[in-house]
Amino acid sequence: MTDKTTGGDVRLTGISKSYGSFTAVHPLDLTVPQGSFFALLGASGCGKTTTLRMIAGLEDPSTGTVFLGDKDVTDLPPYKRPVNTVFQSYALFPHMDITENIAFGLRRRGIKSVKKQVDDMLELVQLGDKARHKPHQLSGGQQQRVAVARALINHPQVLLLDEPLGALDLKLRRQMQLELKRIQTEVGITFVHVTHDQEEAMTMADQVAVMNGGRVEQLGAPADLYENPKTTFVANFLGTSNLIEAEVVETGADVLVTAGGGKLRVPGDRCTSAVRQGGKVLVGVRPEKISLTHADDAGSIADGRNRVTGRIADSSFIGVSTQYVVNSPAGAELQVYEQNIERDTRLVPGAEVVLHWNPAHTFGLDAAQDIDAGVETVEDAG
């Protein structure tokens with residue numbers, strides 16, 4: 001299959017989209033490397049689907065150019081682009097069996113002998129035993145795989161996936177994440193996947209572009225975005241972050257800050273440039289990086305760790321870990337996730353504790369940003 005799928009990167013240069021006075025996508029440059037699994041991640045209304053539709057040719061950009069490899073496809077209609085799209089509604093033909101659904105694109109191009117290609121696709125998506133079923137006889141996840149097979153049989157250079165797992169329940173969605181990743185690895189073509197689900201993007205993609213308000217906030221490998229967020233939006237939108245308001249007292253290889261009367265160290269290379277100017281900053285640490293020690297045992301904490309005193313306000317046991325909410329002079333409602341290995345029964349609401357962590361796990365952000373940007377509210381989660 002690979003001979004038909006060469007064709008280079010997807011490159012967007014200065015691409016934007018406005019509807020009247022509303023700008024859905026601000027001018028952006030984006031390169032999706034050939035053969036990668038690339039995710040556009042963001043909350044609804046951030047411009048990710050509009051960006052995908054401009055790659056597909058379903059939306060005309062207001063400015064900018066879409067390249068597939070070296071070819072400028074900006075003015076080509078969708079059917080002339082080597083691109084196929086899979087939507088959340090799989091749009092399978094209900095009166096056709098699975099074989100005919102998958103063969104549809106080939107038949108439309110006048111190709112007569114489709115059996116081998118369809119069989120290969122059925123094998124790829126592991127639905128060989130369902131060849132003669134109708135779509136309504138399949139589960140949501142199986143229908144999704146048929147939609148992917150129907151798109152891939154046309155040998156597109158790029159497969160675009162618009163919230164493809166949105167209609168599935170959680171367990172099936174997790175299964176399908178692994179399934180899609182396996183398929184992408186096997187066929188080796190470029191997948192561009194739009195999702196609002198952080199876990200989905202982190203699980204599947206090699207590269208993630210986090211979008212917010214029609215702009216790319218940060219681009220990188222999932223682990224890098226998680227460990228080194230550059231904005232409060234990325235820090236809060238990808239997982240949970242504790243952001244502590246602090247004041248810079250010294251800059252060097254490490255940046256020294258004060259927060260709630262205590263001193264914290266932040267590695268200089270994990271601070272955005274604004275932090276190195278001094279003044280007010282936001283110091284971040286992920287909840288699972290923090291350890292909790294009862295105040296009576298504070299003397300046992302190793303030297304050199306960042307530490308903050310506090311009082312447990314709330315705790316919830318969720319099996320693999322216990323999640324604590326701690327109020328401290330450095331900040332209200334700090335989140336701490338402790339694995340349930342050896343639980344200290346004294347760590348209950350009201351207990352005085354010390355939160356401590358390796359300074360290497362701390363990051364520094366510009367305090368001029370909204371500290372709550374990207375925090376999901378209950379309404380968003382629907």
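Predicted model: local features only at pLDDT ≥ 70, side-chain atom pairs only at ≥ 80, totals over all residues.
Asp197 sits in the loop between β8 and α6 (198-204), and Arg173 belongs to helix α5. The protein as a whole has nine helices and 20 strands.

- Is Asp197 buried or exposed? Asp197 has a relative accessible area of 14%, and because buried means under 20%, Asp197 counts as buried.
- The side chain of Asp197 also reaches the backbone nitrogen of Glu199, at 3.0 Å.

- Which residues does Arg173 contact, once neighbours within four places in sequence are set aside? They are Leu165, Leu168, Asp197 and Glu200.
- Arg173 and Gly8 are 165 residues apart in sequence, and their C-alpha atoms are 30 Å apart in space.

**Thr190 in strand β8**

- Strand β8 covers residues 190-195, and Thr190 is found in it.
- Thr190 is buried, at a relative accessible area of 2%.
- A polar atom of the Thr190 side chain lies 2.9 Å from the backbone nitrogen of Gly35.
- Gly35 is also one of the contacts of Thr190 beyond four places in sequence; the others are Val32, Pro33, Gln34, Ser36, Gln157, Val158 and Leu159.

**Helices α4 and α5**

- Two packed helices are described by the angle between their axes and the distance between the axes.
- For α4 (residues 140-152) and α5 (residues 170-187), the angle is about 20° and the axes are 11 Å apart.
- Angles under 35 degrees count as roughly parallel, so α4 and α5 are roughly parallel to each other.
- Their crossing is right-handed.
- On the α4 side, the contact uses Gly141, Gln144, Arg145, Val148 and Leu152; α5 contributes Leu172, Met176, Glu179, Leu180, Ile183 and Val187.
- Sorted by class, this contact of α4 with α5 has seven nonpolar, two polar and two charged residues.

**Helices α2 and α4**

- Helix α4 packs against α2 as well, at an angle of about 30° and with the axes 7 Å apart.
- The crossing of α2 and α4 is right-handed.
- Ile98, Asn101 and Ile102 of α2 meet Val146, Ala149 and Arg150 of α4.
- The residues of this contact between α2 and α4 divide into four nonpolar, one polar and one charged.

**Asn101, a residue of the α2 and α4 contact**

- Asn101 lies in helix α2 and takes part in the contact with α4.
- How accessible is Asn101? Its relative accessible area is 0%, so Asn101 is buried.
- Not counting residues up to four places away in sequence, Asn101 touches Val146 and Arg150, along with Leu92, Phe93, Met96 and Pro135.

**Helices α2 and α3**

- Helix α2 (residues 98-108) also meets helix α3 (residues 115-124): their axes come within 10 Å and cross at roughly 120°.
- With that angle, α2 and α3 are oblique to each other.
- The crossing of α2 and α3 is right-handed.
- Ile98, Thr99, Ile102, Ala103 and Leu106 make the contact from α2, and Gln117, Val118, Met121 and Leu122 make it from α3.
- By class, the contact of α2 with α3 has seven nonpolar, two polar and no charged residues.
- Ile98 and Ile102 of α2 are listed in the contact with α3 and in the contact with α4.

**The whole protein**

- The C-alpha trace spans about 80 × 45 × 35 Å along its principal axes.
- Of the 382 residues in the protein, 49% are buried.
- Among contacts between residues at least 6 apart in sequence, 68% join residues at least 24 apart.

How values were computed
Residues numbered from 1 in each chain as written. Heavy atoms only, no water. Axes fitted to C-alpha atoms, helices over the stretch in contact; angles between N-to-C directions. Helix = DSSP H or I, 4+ residues; strand = E, 2+ residues; numbered from the N terminus. Parallel < 35°, antiparallel > 145°, perpendicular 65-115°, else oblique. Left-handed = near helix turned anticlockwise from the far one by under 90°. Contact = heavy atoms within 4.5 Å. Nonpolar A, V, L, I, M, F, W, Y, C, P; charged D, E, K, R; others polar. Buried < 20%, exposed > 50% of the residue type's maximum accessible area, 1.4 Å probe, protein only. Polar contact = N/O pair within 3.5 Å; in protein donor to acceptor, adjacent residues only side chain to side chain.
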